[in-house]
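Here is a folded chain for you to look over. Take a moment with the picture, then read on for a short tour.

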Amino acid sequence: MRLCIAGAGPAGMLAALIGQAAGWRILWQGDGRDSPQAAHLHLVRDVIGPTLTSIDADLGARIAAATDPAHDWRDAGGKTGRAPRLTREGLTAALAAACAARGLAALTTPLPAPGDGAELWIDATGGARALARRFEAATLGSLTLDDIGTGRLWRSEQWHDRMPSAPYTQVVPGRAYLESGPDGTRRTGLDGATEALAGPDKTPVVVSRMVAPPVRLARWKGAAGAPALILFGDARLQTPPDMGFGLLAVAQQAVILHEALTSRSDPERPLAGWAETVWVNAGMQLAFAC
């Protein structure tokens with residue numbers, strides 16, 4: 001059975017690893033470029049490693065190897081501590097190494113035309129939803145986006161101070177995340193955090209900007225007789241950066257996809273149910289935060 005995957009990021013790599021382990025023949029296409037969001041703060045929560053280990057022990061071992069077991073951190077208020085820390089770069093490197101070890105390499109040529117013999121297609125291209133747009137252009141279905149809230153411009157700034165501590169990352173507007181702890185220490189007092197970070201001993205080293213969507217749920221409705229298309233990762237659900245949920249959401253979807261592909265069942269129903277629940281809960285969180 002053939003599985004066609006589009007997406008070069010963590011979601012695409014996870015889909016390829018899961019599909020291969022479940023016995024599918026993989027055609028995986030990625031353009032090699034990371035998404036704009038990769039330049040911004042990502043919380044790699046401590047449950048991601050165990051979550052992925054539950055479906056792939058080798059990948060779990062690689063993630064553990066990429067984790068700093070005793071990261072010293074200090075937040076803007078002066079609090080210090082030591083705990084394990086995994087960066088987005090470390091997680092991506094672990095996924096890439098697992099793919100390479102299993103002979104999985106992204107195609108340098110386009111995927112075949114939709115409907116050309118593949119039993120299942122996965123769009124893991126993030127907010128671009130490039131594969132779904134391709135299907136839509138071929139009149140193979142329709143894509144709808146349901147938003148809670150409105151998109152906002154976010155700015156990430158990484159700061160170094162003159163003390164031997166980790167860099168800070170501040171995301172504004174909204175709540176501030178300071179990437180100075182094992183789980184991206186959360187601070188809700190943005191003004192106070194801004195003052196602490198912008199003091200005379202701090203120097204900005206990275207500034208990047210993006211317009212992030214609100215809480216956004218994507219739904220795909222395939223036309224009669226069209227190939228099955230699955231939205232995966234950010235292609236299915238996006239949440240604002242200050243929720244810090246993106247990579248954990250990919251891991252949770254990976255568990256659902258693994259169970260479905262292994263049992264040769266349709267992953268759409270369980271993934272859609274998961275996404276609807278998270279979308280509503282995230283929307284309520286956003287409403288109460290306003």
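## The chain as a whole

Among contacts between residues at least 6 apart in sequence, 68% join residues at least 24 apart, where contact means heavy atoms within 4.5 Å. Keep in mind that this is a predicted model: local features need pLDDT of at least 70, side-chain atom pairs count only at pLDDT 80 or more, and totals for chains, interfaces and linings use all residues. Residues are numbered from 1 along each chain as its sequence is written, and side-chain values use heavy atoms, with hydrogens and water left out.

The chain has eight helices and 14 strands. Helices (H or I, at least four residues) and strands (E, at least two) are DSSP runs, numbered from the N terminus. Of the 290 residues in the chain, 48% are buried. Buried means under 20% relative accessible area, exposed means over 50%, and partly exposed is in between (1.4 Å probe, protein chains only).

## A sheet of four strands

Now find the open sheet of four strands, with the order β2-β1-β5-β13 and parallel pairing. Two strands pair if DSSP finds at least two bridges between them. At the edges stand β2 (25-29) and β13 (228-231), each with a single partner strand, so one side of each has no neighbour in the sheet. On average, neighbouring strands of this sheet are turned by 20° against each other, direction ignored. Axes here are lines fitted to C-alpha atoms, for helices over the stretch in contact, and angles run from 0 to 180 degrees between N-to-C directions.

Here is how the strands pair up:

| Strands | Bridges | Sense |
|---|---|---|
| β1 and β2 | five bridges | parallel |
| β1 and β5 | four bridges | parallel |
| β5 and β13 | four bridges | parallel |

Cys 4 stands opposite Leu 27 in β2. Leu 3 has Leu 120 in β5 as its bridge partner, and Asp 123 has Leu 231 in β13.

In a regular strand the side chains alternate between the two faces of the sheet. Which residues of β5 are buried on each side? Leu 120 and Ile 122 are on one side, Trp 121 and Asp 123 are on the other, and all are buried, so both faces of β5 are covered.

Helix α1 (residues 10-21) lies across β1, β2 and β5, and runs at about 170° to β2. Helix α5 lies across β1, β5 and β13, running at about 125° to β5.

## Rings that meet

Next, the aromatic side chains. Rings of Phe, Tyr and Trp (its six-membered ring) pair if their centres lie within 6.5 Å; planes under 30 degrees apart count as stacked, over 60 as edge-to-face and the rest as tilted. By this rule there are two aromatic pairs. Trp 121 and Phe 135 form an edge-to-face pair, 5.3 Å centre to centre with 70° between the planes. Trp 121 lies in strand β5 (residues 120-123) and Phe 135 in helix α5 (residues 130-137), so this pair ties together parts that are 14 residues apart in sequence. Trp 121 is buried, at 0% relative accessibility, and Phe 135 also has 0% and counts as buried.

Phe 135 and Trp 220 form another edge-to-face pair, 6.2 Å centre to centre with 75° between the planes. Trp 220 lies in strand β12 (residues 215-222) and Phe 135 in helix α5, so the pair ties together parts that are 85 residues apart in sequence. Both Phe 135 and Trp 220 are buried.

The charged end of Arg 219 sits over the ring of Trp 279, 5.3 Å from its centre. A charge sits over a ring if NZ of Lys or CZ of Arg is within 6 Å of the ring centre and within 35 degrees of the ring normal.

Most residues other than glycine have a negative phi. Arg 129, however, has a positive phi near 45°. Arg 129 is in the loop between β5 and α5, and is buried, with a relative accessible area of 1%. Arg 264 also has a positive phi, near 60°. Is Arg 264 buried or partly exposed? Arg 264 is partly exposed, at 39% relative accessibility, and its place is in the loop between α7 (246-263) and α8 (268-289).
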